[in-house]
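Hello,

Below is the structure you will be working with.

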Amino acid sequence: MTEDFETRKTRAADWFRSLRDEIVTAFEALETRFGGDAAGRFEVTPTTRDSGGGGLMSVMRGGTVFEKVGVNISTVHGSLGARAQKAMAARGVPGMAEDPRFWASGISLVAHMQNPHTPAVHMNTRMFWTPHAWWFGGGADLNPCIEYAEDTAHFHAALQAACDAHDAGYYPRFRAWADEYFFIPHRGRARGVGGIFYDDLNTGDWEADFAFTRAVGATFLPAFLPVTERRLGTPSSADDRETQLRHRGLYVEYNLVYDRGTKFGLETGHNADAVLMSLPPVAKWY
């Protein structure tokens, strides 16, 4: 079983890397199409974690389409600290006190757009392993500051198709989970128009769960690119920009106060710049 999971870990990490490469290529191609000589490009920086592992931080700033977008991958391992052990135990992960080793790999993407009519977006997929448990998690959610119903419908339809191909119960369950997870209690509202979110996915069939996680990742570009292309030419005003900057404030509040991935990354000593890649370059509060 140990050798089997070593192979599975490699397969998962390789998939997240290939998805990262596909998305980076697609986003730079979009910049070339719409930006010409002003097209943005990703700056790629290796990241390391002192206790074991690392990854790649790929960030584009000041593009024609993307004001800031990060596509990060990481594969980390080591032993969880006391607080992280308690958090895992509280989620029902067995054996953490006796053997706190862990391995985790995944991709995390957040895009903040230049045009206020083009929605921000988040996507991640990941695999987590401990000596006594394993699971997959991830999802994607759309965060427009100016919502268009047809964009929301397209994004959700793509995610639903990916879910339905694996289990008819996944989409309603994971959509409701996203609505709950991406809710900002102190504001009494969601940070966007939702999507899907799932965690602790372990049906007992690793191949099936990995296949579903790959499907979520592979669906991201077909879900997001048509929405982006549809809105790139929409004229925007100073008021639209103000709306965008204030909406970004919601994103910052959520990620710094509630997001589990942010907390886990900082708690386990991963590169802080990579963990906080999700934050927008400019935001406002009143």
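In these notes, helices (H or I, at least four residues) and strands (E, at least two) are DSSP runs, numbered from the N terminus. By that definition the protein has eight helices and nine strands.

This is a predicted model, in which local features need pLDDT of at least 70 and side-chain atom pairs count only at pLDDT 80 or more, while totals for chains, interfaces and linings use all residues. Residues are numbered from 1 along each chain as its sequence is written, and side-chain values use heavy atoms, with hydrogens and water left out.

The whole protein

The radius of gyration is taken over C-alpha atoms, and the globule rule is 2.2 Å times the number of residues to the power 0.38. For 286 residues a compact globule would have a radius near 19 Å, and the protein agrees because its own value is 19 Å. The C-alpha trace spans about 60 × 40 × 35 Å along its principal axes.

A residue is called buried under 20% relative accessible area, exposed over 50%, and partly exposed in between (1.4 Å probe, protein chains only). Of the 286 residues, 53% are buried. Contact means heavy atoms within 4.5 Å. Among contacts between residues at least 6 apart in sequence, 69% join residues at least 24 apart.

Arg191

Arg191 sits in the loop between β8 (189-190) and β9 (194-201). Is Arg191 buried or exposed? Arg191 counts as buried because its relative accessibility is 2%. Its side chain makes a polar contact with the side chain of Asn255 (2.8 Å). A polar contact is a pair of N or O atoms within 3.5 Å; within protein, one must be able to donate a hydrogen and the other to accept it, and residues adjacent in sequence count only if both atoms are side-chain atoms. Leaving aside neighbours within four places in sequence, Arg191 is in contact with several residues, among them His122, Asp141, Phe182, His247 and Tyr251.

Asp199 and Asp200

Strand β9 holds Asp199 and also Asp200. Asp199 is buried, because its relative accessibility is 5%. The side chain of Asp199 makes a polar contact with the side chain of Arg126 (3.4 Å). Beyond four places in sequence, the contacts of Asp199 include Arg91, Arg126, Trp135, Trp177 and Arg260.

Asp200 has a relative accessible area of 36%, so Asp200 is partly exposed. What is the phi of Asp200? The angle is near 55°, a positive value in a residue other than glycine. Most residues other than glycine have a negative phi.

Helix α6 (residues 238-257) contains Arg241. At 27% relative accessibility, Arg241 counts as partly exposed. Arg241 and Asn115 are 126 residues apart in sequence, and their C-alpha atoms are 8.0 Å apart in space. Leaving aside neighbours within four places in sequence, Arg241 is in contact with Glu67, Gln114, Pro116, Arg248 and Val282.

Arg33 belongs to helix α1 (residues 2-35). Arg33 counts as exposed, because its relative accessibility is 56%. Along the chain, Arg33 and Thr64 are 31 residues apart, and 9.8 Å separates their C-alpha atoms.

Regards
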